[in-house]
Amino acid sequence: MAYKDEQLNEEKVFKDPVHRYIHVKDQVIWDLIGAPEFQRLRRIKQLGTSYLTFHGAEHSRFNHSLGVYEIVRRILFNFEGRPNWNGKERLLCLCAALLHDLGHGPFSHSFEKVFKLDHEDFTKQIILGDTEINRILKRVGPDFPQDVADVINKTYADKLVVSLISSQIDADRMDYLQRDAYFTGVSYGHFDMERILRVMRPMEDQVVIKQTGMHAVEDYIMSRYQMYWQVYFHPVTRSAEVILSKILNRAKYLYQDGYQFSLKPVHFLSFFSGQVKLKEYLRLDEGIVNYYFQMWVDEQDPVLSDLCERFINRRLFKYIEFNPNHQMNEWMELFRLFQELGIDPDYYLVVDSSSDLPYDFYRPGEEEERLPIHLLMPKNGELKELSRQSEIVESISGKKRTDHKLYFPLDVLEELPEESQAKARIFEILYG
Ligand code: ZN
C-alpha cells in the first residue's frame, strides 16, 4: 500500500480540553506529530507573554496545531460525498492544517519585530529543508512538501483547500479562539462550532456557509472581536511584550558594542548578526530564552539586568493612554526629563500601538488574501457577503481601531526624591 494511504492498525486519540478528542488514523499524520520539529511546538506557548496577565494561558502551539488538524478533519468528514469535493486533497488539507504554525519561535511577536524574522518563512524552510518533517512528506510524493508549503502560503492553485486553513472563518481561527478562551478563562471566545461545521459547504474556490447558519457565524465574529480587545491586546500583556522586546534590543546592542557577557549568548549569536540558519532557529525555545533571562539578571549591565529581573519577576511597566501623534510636545519633554534623570528613555519610555498586532476580527476584502465570508442563499444558490446580510457584522466590519499606550517604570519614578522638579513635571504630564 502507498504510504499516503497507510492507516494505523488502531485509531489513536489525544484527549483535548477543547475538542474532547483528536482522532488520528493516517500513518503520515502520526509520523508528522512524532517528528522533532513538531514536538518542538510543545515548548512554545501559543499566547507568548499572555500568561503574565491570564495565568492559565500556558498552552502551547502543539495543542493548537493538533486542534486545527482536528477541525479540518471534521470539516472534511462532513464534506464527504458532497458536490465540489472529491476527497483527493484530503491528506494535503490535514497536513497543511497540522503544520501551519510550524515555523513559530519563542515569543514570536517580539522576536520577529526585533530581529526582523518571519515565522512563515521558517515554516516553509522546515517543510522544504533538511528536516524529519520534509523526509516524511517526501515519502508521500516528491511534490508533496511543496504542495503543503503552498497551501500554508496561500499560493496553492486550489483555493478551496487554502480557504480551509486561511480565510475569515477557517480552522485556525476557530481553534485558537476557543482554545485561548478556555485557557485564559475568559467568558468570551465561545461560539457554536458544531453548528458552523454543519453548515459549511464546499464551493469551487471557497468554503461557504448556508444562510441558515448566519447567526452562529455572527456569534463567532463577535467572539473574535471581544477576544482581540479583552485578551490579545490586553495592555498588561503588551507591557510584558515591551519589556521582552527591550531585553532583546539591549542584548543585541551590547553584543554589537563588544560587551563581555558573563553568560555568553551562544544561542542568540545568529539572531544578533541577522543570519539565522534553520538549525539555530529550531534550537531556540522558550525554556532556553527564559534560562538566559534568568542568568542575565546577574549581568554587569544595569539595563539588561533590570529588564530581565522585571520580566522574570513580573515587575511590569505601567501605562497611560498616549497618542504621540497628538502629544508630540509632551513626548519630547518626557524624553528629555528621563534623560536628565539618567533613566534611559530608549528602554524605559515606550509607546506601543495595538495596530502593530494582527487586527482582523472581520474585514471583508481589505487584504487581498483574506477571503470574505459568503452566505449561500437557500432558493437560488446565490452567494452574499456576510456583512451585507448581517447588521451585527456590518457594524464592526472594516473599522480600524488603533490604541496607543505609553509604558514606563512607575516604581522608578516614585522612588525619585520628593524635591526633584523633574519628578513633579513627569507626574504632571503623565497623570495631569
Ligand atoms: Zn494557528
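**Ground rules.** I number residues from 1 along each chain as its sequence is written, and side-chain values use heavy atoms, without hydrogens or water. As the model is predicted, local features need pLDDT of at least 70 and side-chain atom pairs pLDDT 80 or more, while totals for chains, interfaces and linings use all residues.

I started with β1 (residues 7-16) and β2 (residues 20-26), which pair in the antiparallel sense over six bridges. Strands here are DSSP E runs of at least two residues, helices H or I runs of at least four, both numbered from the N terminus; pairing takes at least two DSSP bridges. Three residues lie between the two strands of this hairpin, and I found Gln7 bridged to Asp26 of β2.

**Three-stranded sheet.** Next I looked up the open antiparallel sheet with the order β5-β9-β6. β5 (318-321) and β6 (350-353) each have a single partner strand, so one side of each is left without a neighbour in the sheet. β5 pairs with β9 (residues 404-408) over four bridges, and Glu321 has Lys405 of β9 as its bridge partner.

Ile126, Ile127 and Leu128 of α6 meet Ile133, Asn134 and Leu137 of α7, with contact meaning heavy atoms within 4.5 Å.
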